[in-house]
Amino acid sequence: QKATVDSLYFFYGQRLSNLTTDFRPRFLDVMSDFRADLRQILTEDQRVMYDSLVHEREAGHTSRRRNN
């Protein structure tokens, strides 16, 4: 039973890894397009604030990845 569970865990873990590999670039492209479109409708002051918030969020993600 342990061997079967381990096998299933590995099999589905690999499938999830493949899914992430396929999904992540597409997700990032969509988010990039969204941000570009959003920035077009913001005022200059709003763009500065938005860019600051995006940068802060991305820095937090980078920091958490380094700590894991």
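Modeller: A residue is called buried under 20% relative accessible area, exposed over 50%, and partly exposed in between (1.4 Å probe, protein chains only). This is a predicted model, in which local features need pLDDT of at least 70 and side-chain atom pairs count only at pLDDT 80 or more, while totals for chains, interfaces and linings use all residues. Residues are numbered from 1 along each chain as its sequence is written, and side-chain values use heavy atoms, with hydrogens and water left out.

Gln-1 belongs to the segment before helix 1 (helices are DSSP runs of H or I with at least four residues, strands are runs of E with at least two, and both are numbered from the N terminus). Gln-1 counts as exposed, because its relative accessibility is 82%. From Gln-1 to Thr-20 there are 19 residues in sequence and 28 Å in space, C-alpha to C-alpha.

The structure holds four of them, each being a side-chain nitrogen of Lys or Arg within 4 Å of a carboxyl oxygen of Asp or Glu. One of them joins Asp-6 to Lys-2, with 2.7 Å between the closest N and O atoms. Both partners belong to helix 1 and are four residues apart, about one turn of the helix. Lys-2 has a relative accessible area of 62% and is therefore exposed, whereas Asp-6, at 40%, is partly exposed.

The aromatic side chains come next. A pair of aromatic rings is described by the distance of the centres and the angle of the planes. Rings of Phe, Tyr and Trp (its six-membered ring) pair if their centres lie within 6.5 Å; planes under 30 degrees apart count as stacked, over 60 as edge-to-face and the rest as tilted. The whole structure contains two such pairs. In one of them, the centres of the Phe-11 and Tyr-12 rings are 4.9 Å apart and the planes stand at 85°, so the arrangement is edge-to-face. Phe-11 is partly exposed at 43% relative accessibility, and Tyr-12 is also partly exposed, with 44%.

Further along the chain there is a nonpolar surface patch. Patches are made of residues with over 30% relative accessible area and no salt bridge; nonpolar side chains (Val, Leu, Ile, Met, Phe, Trp, Tyr) are joined within 5 Å and like charges within 9 Å. The areas come from the Shrake-Rupley method with a 1.4 Å probe, and for residues only the protein chains shown count as cover. Leu-16, Leu-19, Phe-23, Phe-27 and Leu-28 together make this patch, of about 500 Å². Phe-27 lies in helix 1 and is partly exposed, at 38% relative accessibility. Gln-46 has its place in helix 2 and is partly exposed, with a relative accessible area of 41%.

A positive patch is also present, formed by Arg-24, Arg-57, Arg-64 and Arg-65. Here Lys and Arg count as positive and Asp and Glu as negative, with His and the chain ends not counted; the place of a charge is NZ of Lys, CZ of Arg, CG of Asp or CD of Glu. Helix 2, residues 44-67, contributes the largest share of this patch, three residues.

Arg-47 and Glu-44 are bridged at 2.9 Å between the closest N and O atoms; both lie in helix 2, three residues apart, about one turn of the helix. Glu-44 is partly exposed at 49%. Glu-58 pairs with Arg-35, with the closest N and O atoms 3.0 Å apart. Glu-58 lies in helix 2 and Arg-35 in helix 1, so this bridge ties together parts that are 23 residues apart in sequence. Glu-58 is partly exposed at 38%, and Arg-35 is partly exposed at 26%.

Finally, Ser-63 is located in helix 2 and is partly exposed, with a relative accessible area of 36%. Ser-63 and Asp-33 are 30 residues apart along the chain, and their C-alpha atoms are separated by 25 Å.
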